[in-house]
Amino acid sequence: MAEAPLRVLVVDDETPARRRLRELLDDCASALPITIIGEAQHGREALDLLQSAPADLVLTDIHMPDMDGVELARHLLKLAHPPVVIFTTAFHEHAVQAFEVNAIDYLMKPIRMQRLLSALQKVPRLRPVTAEKLAQLPTTARRFLSVTERSRVVLVPLEDVVYLKAELKYITIRTAQREFLLEESLTKLETEFGSRFVRVHRNCLAAREHIRGFERRVNGDGDAHWEVLLAGVVETLPVSRRQQFVVRDMGRETAA
Amino acid sequence: MLRVLVAVNLGVAVVATARAPQLSATFSEFLDATSIVEPYLLLVLAVLWAGAPRLQRLPFGVGACLIALVTVLAGQAIYAAMARLSPLPPGTLLRWILFALIAVGVLLFYFHLRARALSPAITEARLQALQARIRPHFLFNSINAVLSLVRRDPRRAEVALEDMADLFRVLMRDNRELTPLEDEVELCRQYLELEQLRLGDRLTVDWNVKSMPGDALVPPLMLQPLLENAVYHGIEPSSTPGTVSINLFLSRGEVHAILKNPYRATGGNHHSGNKMALANVRERLALHFDAEASLESRVTKDAYEVHIRIPYRTSVLESATGAPTVTGPMPGQEGDRSGDSNARIGAPEAARG
């Protein structure tokens, strides 16, 4: 029975590392049909490539500029047919422990041909690792949020995000240009990005670097409250009574 | 010795303050007391100074007992001399000797602790512990890079393996003695060759070493860990190419090393390792050169810069305090030592011992 060849994408920021992996994949090709669909230097490039050329397996380094391997794996889950991801790493004490604990597949560089082959052989039986497990790896916060639009994964750089607002089922991501819909939890985003955002309301996180100031508003009933003024967008965000200390704290920061 | 004089006089001042009925009387009480304490103290110090060479060879316990004995005898001698000049109330001798013994005890304890902190064995152990450790990440990535060369460019693979062997030979050897700057520079070149192999066009190295004093003695691995940092923090986090520059020169009897790399404000835990390497090099500089060397780091507009300054020395004998090649300081010599190390700046002379 002729099997369809395993489609593999190689992702590493170091040219020799990619070259080495290609050599090893070639070596494995005698035992298992393989097509290398391409190479990428970092996560963002890999994601771009995969939008047009689907793969069954992504072999990715963990430490890379622009977008690291773990973040890539998280964004890949938004593809219609997410590939299996196997991480390759030279050395990373803490990460390796976390990989073991969460049963996430990884290969240690330098990689032995035999180990690579046995990893490749089990790919058809593997399911992509869940976002929950990936979120447990000790990596830095994501640099992009990803949303699916017309079956494409669109990346929103975190520094473009003006605010995040939870509505019913989705979170609205607001950038200076437009809005995106994201399926994630506001609380988890708040934990992940820490000091980048400040919670101004139960349903709203505003990006600290986009806050221009606060304005006191009185509505028809004579109730007064604060509104956040933001750079790049015209609308303002109400500050809830419970979060009023934010106005005081941030006011102090700007005064200092 | 200076420390002993100051400490005893301070002690006397404290006792005088306590004994005086009011503050204004403190001074006269102090003068009264010092008229006795000063000759006593000087006599003890003179005897100990004369006996110092022999005293140094004794174990600490025996030495301490001898010093106590000298203190008691000197107390009696001074008492005898004083009693001849003017009558003294009974029990004075006992009070004096008691006071003197307490002072001796406190000071010996202090010097003992100090000598232990600075002793050659401890200093050596600290140097060993401080020895720069290469990042395992670098080792495995380099091996991987060499593996990628084996099939298509065996000759380059050979050179790379030779560079690695040299680098690890230095990393694993006993690195307590100072080495010539040119050796450290050669090591750095080999290290950067290996990084270049991995990073390709992303890394450019700008060497500025025409006017460096190649014979200057420096702590081994003074620059390599900092260059490793420069690559790890300045080059690796970005996919755009960057330059690491090394500038070595001699100026007014001092060797300067200025290392620069692009500054990338990436968040996260990337920076903890940086502080470790900096602290490591800084501490080793201090152990070898004391206050005569310095290491400063700063962030300019878009670059991170480390500036090292060490005295220009070409023979091991000139290396001053704390270095394991110099005999450890003994109690009692401490005062002199801190005194004349200042005098040595600019006019190096052979270290004692």
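Two strands pair if DSSP finds at least two bridges between them. I note this before looking at any sheet. Helices (H or I, at least four residues) and strands (E, at least two) are DSSP runs, numbered from the N terminus.

I am reading a predicted model, where local features need pLDDT of at least 70, side-chain atom pairs count only at pLDDT 80 or more, and totals for chains, interfaces and linings use all residues. Residues are numbered from 1 along each chain as its sequence is written, while chains are lettered from A and ligands numbered from 1 in the order in which they are written.

**Entry 1: chain A**

I looked up the make-up of chain A and found eight helices and 15 strands. I then looked up burial: a residue is buried if 20 or more other C-beta atoms lie within 10 Å of its own, exposed if 12 or fewer, and partly exposed in between, with C-beta atoms placed from the backbone. Of the 256 residues of chain A, 37% count as buried.

Next I took one sheet. It is open, has three strands in the order β13-β14-β15 (chain A), and its pairing is antiparallel. Its edge strands are β13 (211–218) and β15 (237–238) of chain A, each pairing on one side only. Strand β14 (residues 224–230) of chain A is joined to β15(A) by two bridges, and these strands run antiparallel. I checked Glu227(A) and found that its bridge partner in β15(A) is Pro238(A).

**Entry 2: strands of chain B**

I followed strand β5 (residues 254–262) of chain B, where the side chains alternate. Val255(B), Ala257(B), Leu259(B) and Asn261(B) point to one face and are buried.

Strand β4 (residues 242–251) of chain B is joined to β5(B) by seven bridges, running antiparallel. Here Asn247(B) stands opposite Ile258(B). The hairpin of β4(B) and β5(B) has two residues between the strands, and in it Arg252(B) takes a positive phi near 45 degrees.

β5(B) is also joined by nine bridges to strand β7 (residues 303–311) of chain B, again antiparallel. In β7(B), Tyr304(B) is the bridge partner of Asn261(B).

**Entry 3: the cores**

A nonpolar core is a set of buried Ala, Val, Leu, Ile, Met, Phe, Trp, Tyr and Cys residues joined through C-beta atoms within 7 Å. The largest one holds 107 residues, and Leu9(A), Val58(A), Tyr163(A), Ala206(A) and Leu227(B) touch the most other members. The element that gives the most to this core is α8(B), with eight residues. Apart from it lies another core of 11 residues, among them Val44(B) and Ile97(B).

**Entry 4: Glu195(B)**

Is Glu195(B) buried or exposed? I found that Glu195(B) is buried, because 24 other C-beta atoms lie within 10 Å. Glu195(B) is found in helix α8 (residues 181–199) of chain B. Two residues are in contact if their C-beta atoms, placed from the backbone, lie within 7 Å. Leaving aside neighbours within four places in sequence, Glu195(B) is in contact with Leu203(B) and Val231(B). The C-alpha atoms of Glu195(B) and Val231(B) are separated by 8.0 Å, and the two residues are 36 apart along the chain.

**Entry 5: where the chains touch**

The contact takes 21 residues from chain B and 17 residues from chain A. On the side of chain B that touches chain A, the largest share, 10 residues, comes from α6(B).
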